[in-house]
Amino acid sequence: SLDGKYKVQRHGLFVLCTSGDSVKVYSTRTEEWLHSLQGHTNQVTGIALNPANHLQVYSCSADGTVKLWDFIDGILIKTFIIGYPLFAIYVSEKHEGIVFLHIGFQLVAVHLPKSAEQEVEAKELSAVSRHISPNPSCTAFGREGQYIAFARNLQLNVYFFRKQKTYSFSLKATDKKGAKNAFTCIACHPTDDCIATGHEDGKIRLWRNFIHKKEYTYSTQHWHHNAVNTLCFTPEGTNLLSGGIESVLVQWQYGTGNRKEFLPRLGGSILHVSTSSDGQLFCTSHSDNKITVIESSFKVCGVIQGLVKDAVLTDLMIDPRSKALVLNGKPGHLQFYSLLRDKHLYNLDIVQQEYIYEAGLDQFEVVKAAFDIKGYWLATVEERGQKSSDLEFFLKLWSYDERTQSFVLNTTITAAHTDRIISMCFSSSEETTMLVTIAEDGQFKAWCQGVDADTQQDQNFWSCDFVGSYHNLKPTNCSFSADSSLLAVSFQEVITIWSPDTWELLTTLCQPPGVIRDLCFGRLSCSKYLISTTTRNLLCCWNLLTCAFLMDSFSGLYTVFVFKPNEPRPLFTHKNVCSEKIHRAVFVPREEPLNNCDESSQWLNRSQLYFLTQNMLVIDDSVAVTPFYLLLGKHRQQQQKLNTPSHQAADRPQQPQGSVTITELLHTPAHVLPPASVLCSMFVSSLLISNTGEMESSEQEMNSEKEEEDSEGEMEACDSQQELRVQGSVDEVTPKLSKAQERELKRVRKTDFSWMAGLIASKP
Amino acid sequence: MCLFCVPMPYIRCVVWIMSVWMWKSPEVLLYCRCSEGREPVFISDMASFKPTKVQFLPKLGEKVTEDTLYWKNYKSPVQIKEFGAVTKIDFSPLAPHNYAVTASTRIHVYGLHSQEPIRSFTRFRDTAYGGSFRGDGKLLVAGSEEGLIRLFDISGRVALRQFTGHSKAVHVTSFLSDGFRVVSGSDDLTFRVWDVPSAVELSSITEHTDYIRALAPSKLNPDLFVTGSYDHTVKVFDMRSGSSVMTMQHGHPVECVLLYPSEALLVSTGGRYVKIWDLLKGGQELVSLKNHHKTVTCACLSSVGNKLLTGSLDRHVKVYNSSYKVVHNFDCDASILSMAVAPDDEVVAVGMTNGVLSVRHRKHKKDKETLTSRRRRGPSYRVFVKGKNFVPRQDDFLVSKPVKQYLRKYDKQLKSFEVSKALDTALQTWTRTSKPEVTVAVIIELNRRGTLKNALAGRNEESLTKILNFLLKHIFDPRFSRPLLTVGDIVLDLYRQVLHQSPVVERQLQRLMEVLGREAELQQELLQVLGILDTLFASLTPRKEVAALAALPVDQGPQLQAA
């Protein structure tokens with residue numbers, strides 16, 4: 001992620017930005033990532049160019065250190081240990097050897113000791129102010145470093161270094177019209193005694209004459225309709241730049257009153273603006289993980305785009321053509337992100353409407369998307385009005401255009417269903433493409449691209465081919481078999497199997513209790529199996545040739561289970577994949593298959609498994625870690641511990657408490673129970689365990705799984721994910737480690753990490 | 001423009017360059033010299049305003065096919081006033097294709113493109129009927145109300161022969177295909193065959209039991225002809241046997257019979273029905289068409305592709321394709337009595353009860369070309385090459401001019417957030433009458449932006465009337481009803497307090513309420529019908545586990561609420 005502050009270097013050659021626990025250096029010309037400055041152990045909170053040497057940069061971090069870097073070569077020069085978490089850093093030319101740091105609620109001047117050592121402890125701290133705003137853009141140095149201005153809530157303070165005095169000016173909370181006057185950002189004119197402040201209601205005030213406390217004046221200018229996020233003077237002081245949620249960069253001409261220029265539609269809301277030291281380039285960072293480089297002629301000349309992960313409503317998908325990861329991008333767009341090259345490829349505009357940057361406005365969002373098997377068709381659903389009752393949605397079908405190498409809109413269907421579309425899937429056959437959508441109105445519809453019967457003209461638009469329903473039940477999911485000869489649609493607790501050729505209902509399969517959540521056909525040698533998951537923690541597998549039933553029940557938090565569909569026991573179990581709630585997961589095909597004979601990791605030979613959690617994208621790969629995680633900031637490396645604890649975990653699903661098993665047995669219809677041979681051993685083993693008194697928390701909530709992907713035509717993998725309704729029993733679930741164990745774990749991790757680094761270095 | 005976009009240090013240089021190129025070529029292309037060789041990059045995808053999308057929903061109704069295009073390709077009709085109802089039109093089979101029009105006591109012969117008769121036969125004492133040409137186009141025969149049949153030379157005025165014998169009016173006369181005999185059908189229930197050279201009656205047959213009003217001689221066999229009568233029968237006669245060889249029951253008084261050129265198919269019209277008979281299968285009924293809602297009085301075949309045309313008292317001419325589906329419809333201003341199509345479908349002539357002959361000529365591409373060429377010429381070549389052939393100097397740096405984005409007026413106003421003005425623009429008379437979808441698209445866009453209420457507020461009586469008129473016209477159009485109902489709601493919310501001050505607005509709201517009430521009733525009835533149909537279908541289909549519905553129309557109609 002490209003969050004945080006950034007600076008443009010002199011001559012505007014480089015952009016530096018903080019990203020997690022590192023600082024990244026980009027070229028402004030090629031927009032390419034050059035290298036990152038790594039060494040901090042916690043979030044980097046601020047960076048500032050060394051005023052004495054323009055090839056060096058200070059960075060401060062929450063780990064309590066300030067580091068000095070040569071950012072062209074990416075070398076760490078010095079580390080100053082402060083010992084407190086730092087939140088921002090400010091430097092000035094006039095105060096050589098002193099940095100101003102934001103510690104707690106205080107602004108502290110720190111004298112950096114001069115010594116030849118690499119690591120120095122800085123002890124000379126002197127507080128400048130005791131109460132400053134936690135927002136780092138609310139503090140700025142004045143002309144030639146003579147004073148420092150900082151604002152907090154409704155008060156503007158100016159500290160004069162020569163007089164050693166603080167003047168403060170305050171505003172009323174609201175004026176007559178109900179404007180909100182709280183300060184949001186501050187900037188000082190480089191050559192003039194003038195302070196510009198931004199306010200919550202979008203006003204910009206220019207303060208003058210504040211050297212004499214009583215005679216201060218200010219002028220107000222108002223253009224932004226929401227809070228001003230950032231302000232910045234150009235180095236010559238001729239212009240003032242401001243930005244906010246509107247995503248419009250405004251350039252105010254200094255001293256000419258109200259003359260201004262606009263640069264609209266830059267992307268997400270503007271978080272920071274900064275200028276290069278010669279004033280040739282401006283830079284804005286946006287909430288959608290983007291940096292825009294702007295020439296001083298007010299033209300965009302470059303965009304550095306990261307993975308947008310605001311609200312991922314679609315599934316994680318893989319574009320079969322480019323093998324790129326596809327998910328929600330900017331509002332109303334789908335982004336194509338190449339995982340192999342760790343690069344944002346492009347955004348596809350789905351909604352094709354002007355996006356209004358306004359808080360609380362209900363706008364169209366892409367909620368569903370699906371590719372056909374060749375990557376020639378893309379189906380998307382956009383929705384508006386989730387909050388109100390007036391739901392609007394469109395189903396759109398896009399075809400791939402070879403010439404433009406992008407998707408082109410083919411058909412828009414305005415009222416595909418009478419209610420929200422729950423899911424959709426393409427048929428997987430090569431010859432004919434068919435799309436099936438299921439919706440909350442209890443119907444599923446098949447859409448075909450085809451001939452219009454009336455005009456006998458071949459047209460390549462999509463139209464409805466078939467509408468089906470089953471006892472007015474609400475459908476929950478749908479899936480095509482590998483050869484597209486069968487369509488499975490699940491209605492609550494019933495799976496219906498249809499033939500797409502004749503639209504005949506072939507058979508219905510009755511599930512054990514629990515609403516079906518996911519549905520999937522096997523591939524290749526396992527294509528006779530139909531796998532479904534229910535809300536009652538069951539993974540059910542049907543053999544469609546015999547309509548026989550295999551069942552499995554298991555639980556675990558943040559755990560990955562891998563199954564062979566014809567075996568009731570998991571092939572592979574991996575606990576605690578990551579610390580956060582997993583939202584989505586996807587298999588990403590590898591460029592070249594690995595040759596790994598280890599049975600437990602064979603399923604990863606052809607592909608890697610990626611998870612999307614609340615904050616980051618995690619890669620699950622027991623074999624090799626790509627540099628991908630570096631780009632995405634913090635990562636969690638997967639430790640494959642197939643020793644003691646996970647063996648237990650692997651066994652556990654088969655050992656629920658006896659009573660639970662018995663109730664399960666009694667409450668499940670007899671015809672859907674697994675073979676008696678399986679049941680018997682389960683039953684007996686459950687009795688054994690209850691006798692030995694092993695403590696098992698059986699009330700754990702568990703994950704649902706999806707079966708997917710093959711490897712070597714034999715393996716079936718299953719990724720666990722989604723909806724972990726974490727209940728009170730979380731503590732019981734996560735294995736409690738003693739301090740010693742934790743230390744041990746850390747040590748293991750550390751060693752492992754260095755080994756990884758070696759691996760990366762040796763890789764290319 | 002250049003001054004603004006170039007940073008300070010370069011300004012002097014640029015001013016110099018500007019002066020140079022102003023002098024050298026005052027063109028729109030912009031050149032400036034940069035000290036750095038940096039390529040300018042234009043990021044187009046984000047910087048441009050996305051205009052409002054107007055959704056063109058397909059209109060329900062007939063599909064455009066080649067046939068409809070063919071039959072649409074006629075000019076607007078020429079109207080010629082006759083003295084009485086036009087009962088018969090017949091085209092001469094010879095090259096100029098003049099046509100004889102029988103109306104009242106006269107027969108006029110018109111040229112294809114003339115509006116004045118080039119010849120007229122006026123020696124009838126009573127109403128003339130059924131003037132028709134001989135196969136060589138030189139003789140014309142006509143019956144009359146008094147029962148007399150007259151034979152004219154096309155170049156003369158006086159009748160060459162008169163055949164007397166019928167006791168009542170003769171409505172249909174025709175030459176047999178050998179050209180030496182004339183057959184006539186009369187209200188005295190007989191039809192007679194006359195010899196032209198000797199003017200004697202060859203035979204008289206009485207088989208029909210009511211007036212004979214339709215006659216069609218065979219073109220392939222000089223002894224065969226088909227007659228239709230008000231006794232609901234169509235009979236095929238063979239002169240060799242002297243009696244009918246085939247009888248078909250039409251079921252209604254027969255107004256017209258027509259043989260296909262192959263003479264395998266026979267068309268008879270009568271009542272509201274048009275029936276096609278297969279003569280080769282012994283007179284089996286092939287199709288029965290019921291596309292008119294009044295008596296079908298005439299039928300004819302087009303010469304290109306043998307398409308069937310029928311005219312009726314309901315003032316429509318319908319054109320059928322080869323599978324007997326209506327592909328086109330000509331509207332006339334009075335009930336149609338007679339109709340004929342010229343060879344090559346050059347002219348469609350229709351005679352009506354009010355004595356008007358309406359003649360439609362086929363459009364030709366040549367006409368269109370002359371029309372367009374007469375229109376003004378486009379700009380000259382000089383305009384297009386202006387500035388394009390300018391060759392930059394070697395060290396000049398080319399800055400491409402950004403392509404200007406053309407926006408509609410309402411889009412420009414939306415871009416600058418002038419919502420009320422944008423709505424005003426979209427409600428301009430031309431837009432709201434001829435392109436209501438544009439108006440609705442702007443309304444939808446305003447609603448999406450959450451500013452519809454602001455745009456509707458603060459209006460005076462005049463502009464509010466405009467909005468209400470638009471609502472009245474389109475609120476039950478299923479394409480528009482949803483956004484327009486929102487507009488209605490908001491208008492009511494906003495102006496509830498002041499509505500009584502304006503009688504105009506009040507009246508409109510009354511009408512709106514009536515319209516909505518009616519629509520709601522209709523919807524309810526439709527739902528009831530649907531329910532009835534559902535039960536019918538449910539009882540019809542064999543019991544199955546699955547209710548597989550046929551593809552229902554996507555839009556179930558607007559959910560209306562009483563205003």
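Across all chains of this predicted model, the count of salt bridges comes to 27. One of them crosses between chains, linking Lys50(B) with Asp349(A). Chain A also holds an open sheet of four strands and an open sheet of five strands.

**Salt bridges**

- Lys50(B) and Asp349(A) form a salt bridge whose closest N and O atoms are 3.1 Å apart.
- On the chain B side, Lys50(B) sits in the loop between helix H3 (44-47) and helix H4 (66-72). On the chain A side, Asp349(A) belongs to strand E33 (residues 343-349).
- Lys50(B) has 22% relative accessibility, so this residue counts as partly exposed. Asp349(A) has 18%, so this residue counts as buried; the cut-off for buried is under 20%.
- Asp201(A) pairs with Lys203(A), with 3.4 Å between the closest N and O atoms. Both Asp201(A) and Lys203(A) are buried.
- Glu445(B) pairs with Arg449(B), with the closest N and O atoms 2.9 Å apart. Glu445(B) is buried at a relative accessible area of 6%. Arg449(B) is buried too, at 4%.
- A network of salt bridges links Asp178(B), Arg181(B), Asp223(B), Asp238(B) and Arg240(B).

**Four-stranded sheet, chain A**

- The strand order is E9-E10-E11-E13, and the pairing is antiparallel.
- Strands E9 (86-90) and E13 (125-129) stand at the edges. Each has a single partner strand, so one side of each lacks a neighbour in the sheet.
- Neighbouring strands are turned by 30° against each other on average, direction ignored.
- E9(A) is joined to E10(A) (residues 98-103) by three bridges. Here Tyr90(A) has Phe100(A) as its bridge partner.
- Six bridges join E10(A) to E11(A) (residues 106-111), again antiparallel. In E11(A), Ala109(A) is the bridge partner of Phe100(A).
- The hairpin of E10(A) and E11(A) has two residues between the strands. In this hairpin, Gly104(A) takes a positive phi near 60°.
- E11(A) and E13(A) pair over four bridges, in the antiparallel sense. Leu107(A) stands opposite Ser129(A) of E13(A).

**Five-stranded sheet, chain A**

- The order is E5-E6-E7-E8-E12, with mixed pairing.
- Strands E5 (44-49) and E12 (119-121) are the edge strands. Each has a single partner strand, so one side of each is left without a neighbour in the sheet.
- The twist averages 20° from one strand to the next.
- E6(A) (residues 56-61) runs antiparallel to E7(A) (residues 65-70), and five bridges join them. Val57(A) stands opposite Trp69(A) in E7(A).

- Over residues 289-321 of chain B, the chain is 52% strand and 0% helix. The end C-alpha atoms of this stretch are 12 Å apart.

Methods
Residues numbered from 1 in each chain as written. Chains lettered and ligands numbered in written order. Predicted model: local features only at pLDDT ≥ 70, side-chain atom pairs only at ≥ 80, totals over all residues. Heavy atoms only, no water. Pairing = 2+ DSSP bridges. Axes fitted to C-alpha atoms, helices over the stretch in contact; angles between N-to-C directions. Salt bridge = Lys/Arg side-chain N within 4 Å of Asp/Glu carboxyl O. Buried < 20%, exposed > 50% of the residue type's maximum accessible area, 1.4 Å probe, protein only.
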